[in-house]
Structure formats: C-alpha cells, structure tokens
Amino acid sequence: MAMNVQPIPSLSDRINQVRMSTAAIVNEDILPNETKLWRFHAADGSVDEEKKAASVELREQIKAKVREAGLWAPHLPEEYGGSNLGFLEHAYMNEILAYSIGAASLFGVVAPNSGNQKILVKYGTEEQKKKWLIPLVEGKMESGFSMTEPDSAGSDPRSIKTTARKEGDEWVINGHKWFTSNGWRADFFIVMCRTDDPEGPAEKNGKMTQIIVPKDTPGVNILRGVPIWGRPSSDHCEIKYEDVRVPAENQLGRTGSGHAAAQDRLGAGRVYHCMNSVGQMWRSFDLMVQRLRTREVHGGLLADKQFMQGFVADSYIDIQTSRLLTIQTAEKMDSGADARTDISALKVYVPEAYHRVVDRAIQVWGAAGVSGDLPLAGYYQGARTLRLADGPDEVHKILIAKNVLKHYSDGLGWDFGN
Ligand SMILES: Cc1cc2nc3c(=O)[nH]c(=O)nc-3n(C[C@H](O)[C@H](O)[C@H](O)COP(=O)(O)OP(=O)(O)OC[C@H]3O[C@@H](n4cnc5c(N)ncnc54)[C@H](O)[C@@H]3O)c2cc1C
C-alpha cells in the first residue's frame, strides 16, 4: 500500500519539495520492493545467494536515485556529501522514510553511523575527517558508538568506568562496554572514556573524552552479540577493551569534551528517532484501518464495531499529538532556542504513544499481527526498546521537572508560547 503524501499548504516550498521527492522514491522504488530488498532467505531460513546479490544491486540503484534527487545524507553538510537539511526538513523526511522498512539506510542516514558522522563533522580534525568521516559517508566503512557499560548506569553516563590513560603519544584504553550497536559490522568505534585526573579539579562534565578505536586494534575483544528479545544473538555487542593502544591523534575534540559531544549527538538523535516513530505509527495505522475495512467477524466488518472504532480514534490522537510535539521541537531547534525540555518531553511521550498504536494494530490483526509477515512485531519491540535507549523515561521526566521548576524559582512562569 502506497503512502498518501500531499503538499501541506502551510509549509515552505522547500520542505514540501523534500517531502514529495522523498515520498516518490519510497512509494515507487522501496515500498513495492521491501521483500526483494531485505528478505533473501529460502523457506528453510538459509541465505539464497542469488536473491542476495539481486538485493544488493537494487539497493545501489536506489541509492544512486536518492543522490541524484539531492536527498543523500540529509543530516550532513554538502561539503561532506550530504544534503544539509535543517532539523524541521529532516524531521518531515524521516516521517516518510520510516514508513518503509530500511528506507533510511538507502538515504544514507542510519544510526549509529549518522550520529558518529555528526560528531566527526563537529569535533573531528581534517585528518580524522579524511580517514573516518568520508569513507563512512561513502558507505565504505561502518562504525559503532561505545558508551554503555554493564557495570555502571547508562542512564548516568558520568558514572562510566572505562579509562583512557596517556602514555607517550598513545592513549591506552581499558574497559567493558555492552550494547554497542552495529558492533559486528563496524570498522571503528567511538569509545567514551574517562580521562579525568583523580588528583585534578573536579569539573562535573569535563571528565570524559571520545576516542576513535579501529576494531582491528589488538585488545578490542568482542565477547558476543547480546541476545535481545529472545533472539540468540544481535548486532548490539559486548566488548572488552583490554590495554588497547591508539595514537593520541585519535582523540575527538579536546580532552574532557566527551560528555558535551554525547549530548550534541543524542539531542538531535532523539528528534529523528521520534519522527521515525511517527512514520512507523502511520504505517501501523494504515495497516490497522486496512484490516478493519476487510475483516469480517461475527457477522460484520471489524470497522463497524465500536471497540475497533475506539482504536482508530485513540491511534489518530496518539499520532497527531506525537507529530506536533516533534515538529514543534524541530522548529525550535532550527531557531537556535533551547529545546532541551521539549526534547525530553517528546522522548517520553512519543515512544509510549508509538507503543499504544502498534499494540492496537497487532490486536486488530490477531495472530498475523505477531507474525513476521507484517512489520508490527518488530515495531512493537522497537517501541518498547525506545523507552530505554537514548535515556530512559524517568531520566527525561526528571529533566523536564527540573527545567520547569527552575523557571519558576527564577521568578518566571513557563512561557506558554514557547
Ligand atoms: C537495542 C539497544 C541499542 C543500544 N545501542 C547503544 C549503542 O549503540 N551505544 C551505547 O553506548 N549504548 C546503547 N544502548 C544502551 C542504552 O543507551 C542504555 O541501555 C540506556 O542509556 C540505559 O542505561 P542502562 O541500561 O545501564 O540502565 P540503568 O542506567 O541501569 O537504568 C535502569 C533503569 O533505572 C531507572 N532509572 C534510571 N535513573 C533513574 C532515576 N534517576 N530515577 C528513577 N529511575 C531511574 C530507569 O527506569 C532505567 O530504565 C542501547 C540499548 C538498547 C536496548
């Protein structure tokens, strides 16, 4: 089923042009080919090499079309091969991309590579950009972001234990990470390390540094792909860094800038993830309504049952509220205003709303809803995971309350128009 995307009169011509050209490629080239693009397994689960080769060729053809349309790598400046979209333009694009499975990767914007690219653009030296950023943008390399640890709280990143100590012109890294996404495929990791001097002044946010570590460096030991959601393995890897030596020039930004760099990465990432969720909510919604209009139960169409009509109304409200919150936040970020409270608000609200919408769509589809024939089961796991990843709900709620209360204690109310 194709997406119904029309120009929105209140938006600028540029945003409508991005929306319409993105939708044209997704509707014509990606949605009808989802099976060919991503499923090249035989009925017994083994890889069908012929189908796999055909899928790789098709992906390259679509990527060429995306580049030709000037839509490749929307998050990056043109000088690094991107199409340099603002937050709002990118948010609208993501809503459309996320409707189709894997479309984002065909537009050159897929986590964790996209976040790493942004960090390299902002903090990388010219040499680092040449060595790591350009091959990453061109799709010749893959990367991971290695921050979370099994033995310290990911929701309090200032508690990380992995250390980097300077020895001559090298950094020596020791630590234990897990949930480093893309771990098996990555050619290098950006590793968050503690570089504070225990004897030095205590600066709360200046104790960490991000360091580029090529995966083939001795001492980078991938222990396993952490099994998630009942699967025996995954691409979210557990890694031990044991006396890993990398040149001092692999440091990203100045010593102690690691926390700020992580916040830069995650702030924008949260908006993009939430707009992806909106796109996936629309797909779930379309699937739900399609089923309601065709499935007969107990002598009538599901669409005629009031329980089911409640699902439609509640889902519509969930999607539109999520969408407006995300769009408003992206607009604020484009204007340069402080959007931290809004980012936390959408990071709590949208995954929960997404979870509710997918849950209803699964219910409507019955057994088929949890099967691999529809994207809903995968969405369900994704929605639940989002409530933990990029900061759990509770941490964001604490931030919202802190920021709001501070406004009041500063003698200001909350600015309703803001
Ligand atoms: C699929 C997936 C992919 C991921 N990819 C990456 C990646 O590529 N790189 C990476 O570095 N990490 C990654 N992560 C890790 C993710 O960012 C962390 O799981 C997240 O930050 C939470 O950290 P934690 O798991 O250590 O939970 P903890 O910090 O132990 O928190 C556990 C729970 O405690 C509660 N809590 C926390 N703080 C408070 C508080 N102040 N008050 C009340 N309750 C609180 C919350 O409910 C929270 O869920 C990924 C995670 C998943 C699931």
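The paragraphs below take up the domains, the ligand shell and the strand pairing in turn.

This is a predicted model, in which local features need pLDDT of at least 70 and side-chain atom pairs count only at pLDDT 80 or more, while totals for chains, interfaces and linings use all residues. Residues are numbered from 1 along each chain as its sequence is written.

The protein is assigned domain 1 (13-115), domain 2 (143-252) and domain 3 (260-409), with bounds that come from an automatic or database domain assignment. Between the C-alpha centres of domain 1 and domain 2 the distance is 30 Å. The shell around the ligand takes at least three residues from each of domain 2 and domain 3.

Around the ligand there are 21 residues, of which Met147, Ala153, Gly154, Ser155 and Pro392 come nearest; a residue is near a molecule if its C-beta atom, placed from the backbone, lies within 6 Å of it. By class, the shell holds 11 nonpolar, 9 polar and 1 charged, where Ala, Val, Leu, Ile, Met, Phe, Trp, Tyr, Cys and Pro count as nonpolar, Asp, Glu, Lys and Arg as charged, and the others, Gly among them, as polar. At least two shell residues come from each of β1 (143-146), β3 (170-180) and α12 (393-409), and α12 gives the most, with 3 residues. Helices (H or I, at least four residues) and strands (E, at least two) are DSSP runs, numbered from the N terminus.

β3 also pairs with strand β2 (residues 163-167), antiparallel over 5 bridges, two strands being paired if DSSP finds at least two bridges between them. Thr163 has Asn174 in β3 as its bridge partner, and the β2 and β3 hairpin has 2 residues between its strands, with Gly168 in the turn at a positive phi of about 60 degrees. With strand β7 (residues 237-247), β3 pairs in the antiparallel sense over 8 bridges, and there Val172 stands opposite Arg245.
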